[in-house]
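Q: Please take a close look at one part of this model with me. I would like to follow how its pieces are placed.

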Amino acid sequence: MVVICYVLTHAGLMLAFGRVATCGVTAGCFRAGLLWSVVAFLLCAAAPSFGWLLFFRFLQGVAAGLIISCAPALGTSLYERPGAACAGIFTLISPWRSAVGP
């Protein structure tokens, strides 16, 4: 149940946050996700009960949605001429990113 709460939240919000990120606030969206993630991790560590842990995992899912939805836009903005090469690099890195962790 703890994992489902996190996964459903970030999977459900990635598309919405991706749209927000394409409106020109990609770096700010990513930074907000990182800050939100740190706060949510600390809250999970201090959760007094299982119900609070589920809520804090929900907050972690929101943070993951922010971070994961902005990552492709930030990756392509690093290159002068974003195109197929950058998209290919990001596609190669994505499975490793999931296996290794944030």
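**A close look at the helices**

A: Start with Leu 35. Its relative accessibility is 59%, so Leu 35 counts as exposed. The cut-off for exposed is over 50%. Keep in mind that this is a predicted model. Leu 35 sits in helix α2, which covers residues 26-45. Together with Val 39 and Leu 43, Leu 35 makes a nonpolar surface patch. The area of that patch is about 260 Å².

Now step back to the whole chain. The protein chain has 4 helices and 0 strands. Read from the N terminus, the order of elements is α-α-α-α. The chain holds 102 residues, and buried residues make up 28% of them.

Next, see how two of the helices meet. Helix α1 spans residues 2-21, and helix α3 spans residues 50-77. Their axes come within 6 Å. They cross at roughly 35 degrees. The crossing of α1 past α3 is right-handed. What kinds of residues form the contact of α1 with α3? Here is the division: 17 are nonpolar, 7 are polar and 1 is charged.

Is Gly 18 buried or exposed? Its relative accessibility is 17%, so Gly 18 counts as buried. The cut-off for buried is under 20%. Now compare sequence with space. Gly 18 and Gly 65 are 47 residues apart in sequence. In space, their C-alpha atoms are 8.5 Å apart.

Move on to helix α3. Ile 67 is found in this helix. Its relative accessibility is 19%, so Ile 67 counts as buried too. Ala 27 and Ile 67 are 40 residues apart along the chain. The separation of their C-alpha atoms is 9.8 Å.

Stay in helix α3 for one more residue. Pro 72 lies there.

Leu 35 is exposed at 59%. Gly 18 is buried at 17%, and Ile 67 is buried at 19%.

Technical notes: Residues numbered from 1 in each chain as written. Predicted model: local features only at pLDDT ≥ 70, side-chain atom pairs only at ≥ 80, totals over all residues. Heavy atoms only, no water. Patch = residues over 30% accessible without salt bridge, like charges linked within 9 Å, V, L, I, M, F, W, Y side chains within 5 Å. Areas by Shrake-Rupley, 256 points an atom, 1.4 Å probe, with all protein chains shown as cover. Salt bridge = Lys/Arg side-chain N within 4 Å of Asp/Glu carboxyl O. Buried < 20%, exposed > 50% of the residue type's maximum accessible area, 1.4 Å probe, protein only. Axes fitted to C-alpha atoms, helices over the stretch in contact; angles between N-to-C directions. Left-handed = near helix turned anticlockwise from the far one by under 90°. Nonpolar A, V, L, I, M, F, W, Y, C, P; charged D, E, K, R; others polar.
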